[in-house]
Amino acid sequence: MSITVDLTYDLAKTLGIRRFEIEAPATLQDVLRLTRARFEGEDAAFEKLTRVTGFVVNGVLISHGRGMETPLKEKDRVSFLKAAAGG
Amino acid sequence: MIKGYAGRILEVDLADRSFAFKPLDEDIARLYLGGKGYGTRLLYDMTEPGIDPLGPENPLIFATGPLNGSLAPQSNRFAVVCKSPLTGGIGSAACGGSFAYGLKKAGIDILVLRHQSATPLRLEINGDRDIVDFLDASELWGKGTNATQVALGKGRNHAVIGPAGENLVLYAGIVSDERIAGRTGVGAVMGSKRLKAISVTGTRKLDMEDENKFKDYTKWLRQLFRDHPVLGEKLRRYGTMGIVNTTNARNIIPTHNFKYGHHDDAMNVSGEYLEDHGLVGVKSSCIHCPVACGRDVTLEGVGRVKGPEYETAALLGPNLDIPDLRWVNEWNYLADDLGMDSISLGATLSFAMELQERGLLQSGLAFGDPTGIGEMIQDIAHRRGLGSDLADGVKRVSEKYGGKAFAMHVKGLELSAYDPRGSFAQGVEYATTNRGGCHVQGASMYFESTGPLTINPQNLKLKAEIPVVQQNLACAINSMVLCIFTTYGLIPKAVHQMNPNGFLHRTIALLFENSGPFYRLVSGLKLMPLLWYEKWLTYITGEKFTSGRLQEIGERIFNLERMYNLREGLTGKDDTLPDRILHESTFPHLRSGHPLDQLLPRYYKIRGWDEHGVPLPRTLARLQVRL
């Protein structure tokens, strides 16, 4: 079993995928590292697309929990989250 | 007369085709502003308890407020008030477009329509000559809202119904331009009066207390809105659908009739996706609005039409397991043209799908399958076959076919597209809002799940306080009458630039979350204007407005709505949420749904209501709510 990582629209558009999976257990640093790796050295593009972007784990913004220390386990869903528009 | 008001109520009797201009009551205007507030006061005073919402005794009240007819951004909205045929309680809806502007230019603050015409009728109101023409509308009867407005022509401002209103669909709306007063079935009440359309014209000037100050302040605010990250950038670029990816990540986008809060392909109905696939232009549907949140899309065989809003995209997309913009665009157009609320429509369709899935109803509709949906929308609007049942909304369908546990409504009004299991304050707001399960009577979720600075949405802190303050503010805004999107501008640009996972965000959120009574205290301060609404109102009317006074006016309106509901037979037991929301978890770390039972007593206490949700005499006395 694995962890699902959902990308923002801009990340998805750039990478040509909407989500990918990583092996559990993992950390959010792993998610960042593995997402960055998909940019194959284009760090500036990665930084630009993830500026003012947070993480949500299973629907919960991590700043309401353990922040970047939030442990990830099997079947977890991690989403990159951009600041919202109005709805 | 207080400045900012035309000073006149136009009362029209559709049965004997007479009309009269009556003076606006200044005392009521001071207590209730206008719009929804004044309209609710009139409804309460004009009607006997227990009237049939679709009978002749139910008045249909179109109400503007002191900011309408000015150049204030997002101020061209009107409120419609009546007894709701959908909920049996207070019916109210607000609408953009241009009709509010037209009414005010005609020198009319409030239009009251009484009784019923025997035959299809339309009204032409000339505010300069003070005449009302009663015209035969037989040739328009049956036409969609678009064709009707085209037939009525340009140069006047229209409010019309479509076939859904004519056929008394209980969630039919009233359309002005490309906007709709969608909720609570106000279009059915207009249809019951056999009134197809109202056209208004006039060239009267709004009299302001200090026009120069108002203009200078408005100019400054227009620029602030243009530079704002949400109003000037995100909403302008993506429209309200720009929030889809946020609610999906937050696990609160209705999916499969609210069984889930996330859909793997929700991105396909997002504002970003629309921009890349089919957005043909950006335009504002409401005059004098610098935000321009309306989207245009192209429909095959129809051409360029207004695209969907977030609510429509969510409830006709992931909620039906059909996150496909082509279908959402088509069904959105159908709902608008037929003149019905796409929120209630989407929730009713998903309910019919779940009934089919569980073998309780042979609806012919299935999750994930667009087959038959367009035809069913037409059947609903024309009350054909099963469509006639679905035209009565989720509550009544559940009473007939079963499935009350997953009937997604509050007080009969279908839930909008923010699942409260991931937004506890929004859940309290849904449960207690007088018109039923609606998000724009407070928009508490903005502080929990969708805004740039959000508190933890899943603990009990501030979850009873936020709805109280927000509902009061929304009542006041809907009585000025302004667009609730103006509140987005209250959040400074700097907040939008904070990292949602950063230390600063976390610290401010924690402080806010623990502010408790202090939050209500600050919101209710009567010392100075804290928001721009007060300054606008003061410059226009000459009356002194503070944030506390606005809170008090909003609270007064909310309590009057409450007393109306109680008078019509609703009780505290109606302040609840669907069983699915209360008992089924959509979050792996939670064993149940929304903790309403832990929050409702605190909410009642803050409101000054007893344990059954009835306003205490001292609360009504403090607010000067006369019964």
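A residue counts as buried if 20 or more other C-beta atoms lie within 10 Å of its own, as exposed if 12 or fewer do, and as partly exposed in between, with C-beta atoms placed from the backbone. This briefing applies that definition to a predicted model, in which local features need pLDDT of at least 70, side-chain atom pairs count only at pLDDT 80 or more, and totals for chains, interfaces and linings use all residues. Residues are numbered from 1 along each chain as its sequence is written, and chains are lettered from A and ligands numbered from 1 in the order in which they are written.

**Helix 2 of chain A**

- The exposed residues A:Q29, A:R33 and A:A37 are carried on the face of helix 2 of chain A that is turned away from its buried side; helices (H or I, at least four residues) and strands (E, at least two) are DSSP runs, numbered from the N terminus.
- Within this helix (residues 28–37), A:L28, A:V31 and A:T35 are buried.
- An α-helix has 3.6 residues a turn, so residues three or four places apart point the same way.
- The cover over the buried residues of helix 2 of chain A includes strand 1 (2–6), strand 2 (19–23), strand 3 and strand 5 of chain A.

**Interface between chains A and B**

- In total, 23 residues of chain A are in contact with 37 residues of chain B, where contact requires C-beta atoms, placed from the backbone, to lie within 7 Å.
- Strand 3 (53–57) and strand 5 (77–82) of chain A each supply at least two residues of the side of chain A that touches chain B.
- Strand 3 of chain A gives the largest share of that side, three residues.

**Nonpolar cores**

- The largest nonpolar core has 184 residues; such a core is a set of buried Ala, Val, Leu, Ile, Met, Phe, Trp, Tyr and Cys residues joined through C-beta atoms within 7 Å.
- Helix 19 (residues 465–480) of chain B provides the largest share of this core, nine residues.
- Among the residues with the most contacts inside this core are B:I61, B:F78 and B:V169.
- Another core, of 20 residues, lies apart from it and includes A:I3, A:V5, A:L61 and A:L72.

**Surroundings of B:L43**

- B:L43 lies in helix 2 (residues 35–46) of chain B and counts as buried because it has 24 C-beta neighbours inside 10 Å.
- Not counting residues up to four places away in sequence, B:L43 touches B:P59, B:I61, B:V81, B:C82 and B:Y564.
- B:L43 and B:C82 are 39 residues apart along the chain, and their C-alpha atoms are separated by 6.5 Å.

Conventions. Contact = placed C-beta atoms within 7 Å.
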